[in-house]
Amino acid sequence: MKISQNTLDILKNFSEINTNILIKPGKVLSTISTMRNIFAKAEISEEFPIEFGIYDLVEFLGTISLFQKPEIDFKDTHLVLSTEGEKSRFYYSDPSVIVAPTKPVNMPETDVTFTLTESHFPKLEKASAVQKTPDLALIGVKGGDIVLKICDKKNPSSNDYENKVGEGATADYTFYFKVENLKLFVGDYDVSVSSKSISHFKHKKLPIEYWI
């Protein structure tokens with residue numbers, strides 16, 4: 001078996017959410033943050049044959065990077081990465097020490113929807129870093145614009161930056177996210193937000209989803 005670059009990129013993204021992962025048989029990867037406030041799921045082209053745990057996903061990806069498109073052979077206690085003249089054994093972790101999803105997320109009724117584009121999000125991240133402001137506010141004024149604003153909700157006089165993402169808000173509302181929780185794979189997203197303190201980010205082109 002070989003792992004495609006797209007799947008490696010997804011695993012790299014997932015490593016930002018949680019540095020360990022439990023990979024199950026099939027074509028679906030999922031992870032959850034140690035605080036259990038970020039859940040991510042992706043469908044991939046490869047099909048993993050067995051269940052195995054990786055305690056340090058960054059180390060695993062780094063090991064793969066030592067090779068040029070290695071072949072992967074799954075053993076009982078470890079996997080073997082190999083190309084002509086090169087080989088590495090990488091041992092599985094006990095699943096009991098892995099923080100992994102135990103059940104799917106049931107998204108409650110949606111209150112607000114909008115599109116987060118690939119061009120919007122990097123600017124919002126940069127604004128948060130430049131202005132040292134930790135929060136992202138989704139703000140709607142009934143009949144007016146829908147905006148995303150970088151701010152510090154604990155400090156009304158903090159610097160801010162906002163980006164318009166829609167029009168025709170159906171009500172007055174403000175929802176807050178922590179910028180550090182938005183570990184999104186690059187791309188455009190359909191976003192659904194519930195007043196039950198949960199949001200759903202669905203990639204427009206790839207089968208990748210996040211619940212935050």
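This report describes the core, the sheets and the salt bridges of a predicted model.

## The nonpolar core

The largest nonpolar core has 54 residues. Within this core, the residues that touch the most other members are Phe14, Leu79, Leu116, Leu138, Phe201 and Tyr210. Helix 1, which covers residues 5-17, contributes five residues, the most of any element.

Leu116 can be looked at in detail. Leaving aside residues up to four places away in sequence, Leu116 touches Phe121, Leu124, Leu148, Leu184, Gly187, Asp188, Tyr189, Val191 and Phe201.

Strands of a sheet pair through backbone hydrogen bonds, and the pairing can be parallel or antiparallel.

Strand 9 is joined to strand 12 by six bridges and to strand 10 by six bridges; both pairs run antiparallel. Two residues show how these pairings look in detail. Leu138 has Phe175 of strand 12 as its bridge partner. Gly140 stands opposite Ile146 in strand 10 and also opposite Tyr173 in strand 12. Strand 9 is mostly covered, with five of its six residues buried. The hairpin of strand 9 and strand 10 has five residues between the strands, and in this hairpin Gly143 takes a positive phi near 80 degrees.

## Strands 8, 13 and 14

Strand 13 (residues 189-194) pairs with strand 8 and with strand 14. Strand 8, residues 112-116, pairs with strand 13 in the antiparallel sense over five bridges, and Val112 stands opposite Val193 in strand 13. Strand 13 and strand 14 (residues 198-203) also run antiparallel, joined by six bridges. On that side, Tyr189 has His203 of strand 14 as its bridge partner.

How much of strand 13 is buried? Five of its six residues are, and the strand is described as mostly covered. The hairpin of strand 13 and strand 14 has three residues between the strands; here Ser197 takes a positive phi near 65 degrees.

## Salt bridges

How many salt bridges does a search of the whole structure find? The search finds five. One of them joins the side chains of Asp73 and Lys75, with 2.8 Å from N to O. Asp73 counts as partly exposed because its relative accessibility is 37%, and a value of 36% puts Lys75 in the partly exposed group too.

Another salt bridge is formed by Asp145 and Lys164, where the closest N and O atoms are 3.6 Å apart. Asp145 lies in the loop between strand 9 (135-140) and strand 10 (146-151), while Lys164 lies in strand 11 (residues 161-166), so this pair ties together parts that are 19 residues apart in sequence. Lys164 also forms a salt bridge with Glu167, the closest N and O atoms being 2.8 Å apart. Asp145, Lys164 and Glu167 are therefore treated here as one group, linked in a network of salt bridges.

Glu167 has a relative accessible area of 59% and is exposed, because exposed means over 50%.

Notes:
Residues are numbered from 1 along each chain as its sequence is written. This is a predicted model: local features need pLDDT of at least 70, side-chain atom pairs count only at pLDDT 80 or more; totals for chains, interfaces and linings use all residues. Side-chain values use heavy atoms; hydrogens and water are left out. A nonpolar core is a set of buried Ala, Val, Leu, Ile, Met, Phe, Trp, Tyr and Cys residues joined through side-chain atoms within 4.5 Å. Buried means under 20% relative accessible area, exposed over 50%, partly exposed in between (1.4 Å probe, protein chains only). Helices (H or I, at least four residues) and strands (E, at least two) are DSSP runs, numbered from the N terminus. Contact means heavy atoms within 4.5 Å. A salt bridge is a side-chain nitrogen of Lys or Arg within 4 Å of a carboxyl oxygen of Asp or Glu. Two strands pair if DSSP finds at least two bridges between them.
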